[in-house]
Amino acid sequence: MYGPFTNERLVGAAIGSSVQGRDAVQLATTFGNERLPDVTMLGVNGCPEYVHAAADASLQRLGVDHMDLYYQHRVDVDVPIEETVGAMAELVQAGKIRHLSLSEAGPETIRRTHGVPPITALQTEYSLSTRDLEADVWPVLAELGIGLVPYSPLGRGLLTGAITSPADLTEGDSRTSGYFPRFQGDALEANPLVSRSGRDGVSVAPIPGTKRVRYLEENVAAGDMSTIDA
């Protein structure tokens with residue numbers, strides 16, 4: 001989806017030039033939000049034929065023979081989820097992907113898709129300021145042994161103190177759009193920073209934001225940090 005397609009080519013080039021090679025990384029990519037090379041968005045597509053075509057295209061761009069984790073990057077409400085996941089299972093049987101993952105799926109959808117092979121992970125927004133999934137999704141993940149891959153774990157800057165007023169957002173920043181109402185006017189000032197520990201029972205592997213080079217450098221540097229018990 002991203003680029004579109006450019007990101008997979010960049011990741012593939014990095015893997016291909018790495019001394020460690022393909023086996024040194026856990027490789028994940030997505031399908032579902034169908035786009036054209038000119039960035040035209042065609043919509044969400046969960047048709048089995050598209051699932052296979054998208055996987056083959058991703059493998060070609062990445063220059064690898066398999067992907068470790070393959071996400072349905074948004075559920076297609078017009079296609080039965082069983083058909084989409086069935087196509088993903090066929091990719092596992094063909095050796096093209098190792099594990100299945102969903103994105104933004106609700107508890108009932110997760111239950112309907114969890115079979116053989118099982119769903120390995122769910123990608124969805126989760127942070128100390130966005131905890132909607134704790135009520136109904138989290139218990140299902142814990143019950144079925146599904147991991148969580150949260151995006152925007154720092155609340156899109158809300159939890160870091162980087163964004164405290166609308167004036168901190170520059171023109172063209174996606175957070176100024178109506179899609180993110182918590183960053184609009186008085187709503188931003190009404191969103192306080194919160195602090196609460198997470199629940200046990202679900203493995204969590206957050207997605208670090210790397211939209212800018214400096215973010216990538218910060219994320220890489222995090223590997224040199226040590227935790228201190230307060």
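This text walks through a predicted model, starting with its nonpolar cores and then turning to some residues in its loops.

The largest nonpolar core has 33 residues. Within this core, the residues with the most contacts are Tyr70, Ile110 and Leu141. Several helices and strands take part. At least two core residues come from each of α2 (48-62), β4, α3, β5 (97-103), β6 and α5 (137-144). Of these elements, α2 supplies the largest share, namely six residues.

Which residues does leucine 141 touch, not counting residues up to four places away in sequence? They are Ile110, Leu122, Ile146, Leu148 and Val202. One of these partners, Ile110, is also among the residues with the most contacts inside the largest core.

The loops come next. Arginine 74 is one of them, with a phi of about 105°. Its position is in the loop between β4 (67-72) and α3 (81-93). Is arginine 74 buried, partly exposed or exposed? Its relative accessible area is 22%, and buried means under 20% while exposed means over 50%, so arginine 74 counts as partly exposed.

Serine 152 is the other case, and its phi is near 55°. This residue sits in the loop between β7 (147-151) and α6 (185-190). The relative accessibility of serine 152 is 16%. Because buried means under 20%, serine 152 counts as buried.

Threonine 130 is another loop residue, located between β6 and α5. With a relative accessible area of 7%, threonine 130 is buried as well. Leaving aside residues up to four places away in sequence, threonine 130 touches Glu125 and Arg182.

Proline 117 belongs to the loop between α4 (107-113) and β6 (119-125).

Definitions and conventions. Residues numbered from 1 in each chain as written. Predicted model: local features only at pLDDT ≥ 70, side-chain atom pairs only at ≥ 80, totals over all residues. Heavy atoms only, no water. Helix = DSSP H or I, 4+ residues; strand = E, 2+ residues; numbered from the N terminus. Buried < 20%, exposed > 50% of the residue type's maximum accessible area, 1.4 Å probe, protein only. Core = buried A, V, L, I, M, F, W, Y, C linked by side-chain atoms within 4.5 Å. Contact = heavy atoms within 4.5 Å.
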